[in-house]
Amino acid sequence: MATTAPSSDQNPEVENGEEFEVHVFSSEAELLEKLQDKWRSVKPQPYPAMYSSVFGGIILDPALMVIPMDDHMVHRGHGVFDTAIILGGHLYELDVHLTRFLKSASKAKIVSPFPKSTLRSILIQLAAASQCRKGTLRYWLSAGPGDFLLSPAGCPKSAFYAIVIDEDFEQCKEGVKVITSTIPMKTPLFATMKNVNYMPNVLSKMEAEEQGAFASIWVDEEGYIAEGPNVNVGFITHDKELILPEFDKILRGCTAARLLELAPKLVEQHRLKSVRTDNLTIEEAKNAAEMMYIGSTLPVLPIIAWDEKPIGDGKVGELTMALSDLVWEDMVAGPKTRRIPVPYV
């Protein structure tokens, strides 16, 4: 991932017809000094560590956290990615995310340069080197650097990149507003593959923000509810059923899948009647008693209005928060199979 630091000296505005002389760096040392100088003013550092298979190791200097311009993920979008959470010094659901990651890579016809066990080891060591106790761990597989052609045939080897992002997040307890997106959603092939082609997702999110909403909801060509721009969506009916849209045309979210495993606890407590996936029309969905987004850092975000119409009574739902508590507790103190301790030095 190519990252850039905020610059204190913006390029001078150039009027039409005025010549502007571009600086030519005379040495690698001069360029490195320029990059490092820009990063010195960024406090705190948001990216404590990165791994690059191109470099063959972990990088701690943010000025060097870059990828080659001729990497096919950069100029052709030929890459896949995934994310794991670092919370309380543990990696949450890393193995589940890695499994989905490699399935996405297979669909994208990218062969990993390492087996799954090595990828896992690299990510755990990267988290340890970062010293980050709370944040996200994002990682990518790309067709690799090689040339600027369409086919990756000229790329000698695929590439693996990963970065730790030091960011704070808390359990979401305030409700948000959403809209129905007018941006066409991805076809099932691309929607079920977590790839780097996120232009529809970006435009969908921007469309919502321009209308004063948090994000949007996609509806498929058959009129059924699909997903949000980078989250799954769930509903509580007036009969107290938890329903998530079927995953055949959308990404199977790891947090959504875990929620479906945990939610039966509320059925045992007679707070929910049932838990299932099903197709929902937009009319059925908008008439739900409660609605929520489901994603890694939320983990459950209450939705209180859709296209300016209140969901239920327009307040954060009691069952939505009960589901949120289940997942958050799993993230904080769940079983060892779900939480990997980071071996900090």
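This is a predicted model: local features need pLDDT of at least 70, side-chain atom pairs count only at pLDDT 80 or more; totals for chains, interfaces and linings use all residues.
**Entry 1**

I then looked up its backbone and noted a phi of about 65°, which is positive although histidine 270 is not a glycine. As for its place in the chain, histidine 270 lies in the loop between helix H8 (264-268) and strand E11 (274-277).

I turned next to glutamine 131, where phi is near 65°, again a positive value in a residue other than glycine. Glutamine 131 belongs to the loop between helix H4 (116-130) and strand E5 (134-142), and with 39% relative accessibility I wrote it down as partly exposed.

**Entry 1: cis peptide bonds**

I looked at the bond between lysine 43 and proline 44 and saw that it is cis, with omega about -10°. Proline 44 is found in the loop that runs between helix H1 (28-40) and strand E1 (49-52). I also recorded a cis peptide bond from leucine 298 to proline 299, where omega is near -15°, and I located proline 299 in the loop between strand E12 (290-294) and strand E13 (300-306).

**Entry 2: how H7 meets H10**

At what angle do the axes of helix H7 and helix H10 cross? I read that the axes of H7 (residues 254-262) and H10 (residues 318-333) come within 10 Å and cross at roughly 110°. Angles from 65 to 115 degrees count as roughly perpendicular, and H7 and H10 are therefore roughly perpendicular to each other. I listed the residues that make the contact: on H7 they are Thr255, Arg258, Leu259 and Leu262, and on H10 they are Leu323, Leu326, Val327 and Asp330. Sorted by class, this contact has five nonpolar residues, one polar residue and two charged residues.

**Entry 3: aromatic rings**

How many aromatic pairs are there? I noted a count of seven aromatic pairs, and I looked up some of them in detail. Tryptophan 39 and tyrosine 47 form an edge-to-face pair, with 6.1 Å from centre to centre and 70° between the planes. Tryptophan 39 counts as buried, since its relative accessibility is 6%.

Phenylalanine 81 is buried at 9% relative accessibility, whereas tyrosine 198 is partly exposed, with a relative accessible area of 21%.

I also wrote down one aromatic cluster, which is formed by Tyr51, Phe101, Tyr139 and Phe160.

**Entry 4: charges over rings**

Which ring does the charged end of arginine 133 sit over? I found that it sits over the ring of tyrosine 344, at 3.6 Å from the ring centre. I then looked up lysine 286, whose charged end sits over the ring of tryptophan 306, 5.3 Å from the centre of that ring.

Notes
Residues are numbered from 1 along each chain as its sequence is written. Side-chain values use heavy atoms; hydrogens and water are left out. Axes are lines fitted to C-alpha atoms, for helices over the stretch in contact, and angles run from 0 to 180 degrees between N-to-C directions. Helices (H or I, at least four residues) and strands (E, at least two) are DSSP runs, numbered from the N terminus. Angles under 35 degrees count as roughly parallel, over 145 as roughly antiparallel, 65 to 115 as roughly perpendicular and the rest as oblique. Contact means heavy atoms within 4.5 Å. Ala, Val, Leu, Ile, Met, Phe, Trp, Tyr, Cys and Pro count as nonpolar, Asp, Glu, Lys and Arg as charged, and the others, Gly among them, as polar. Buried means under 20% relative accessible area, exposed over 50%, partly exposed in between (1.4 Å probe, protein chains only). Rings of Phe, Tyr and Trp (its six-membered ring) pair if their centres lie within 6.5 Å; planes under 30 degrees apart count as stacked, over 60 as edge-to-face and the rest as tilted. A charge sits over a ring if NZ of Lys or CZ of Arg is within 6 Å of the ring centre and within 35 degrees of the ring normal.
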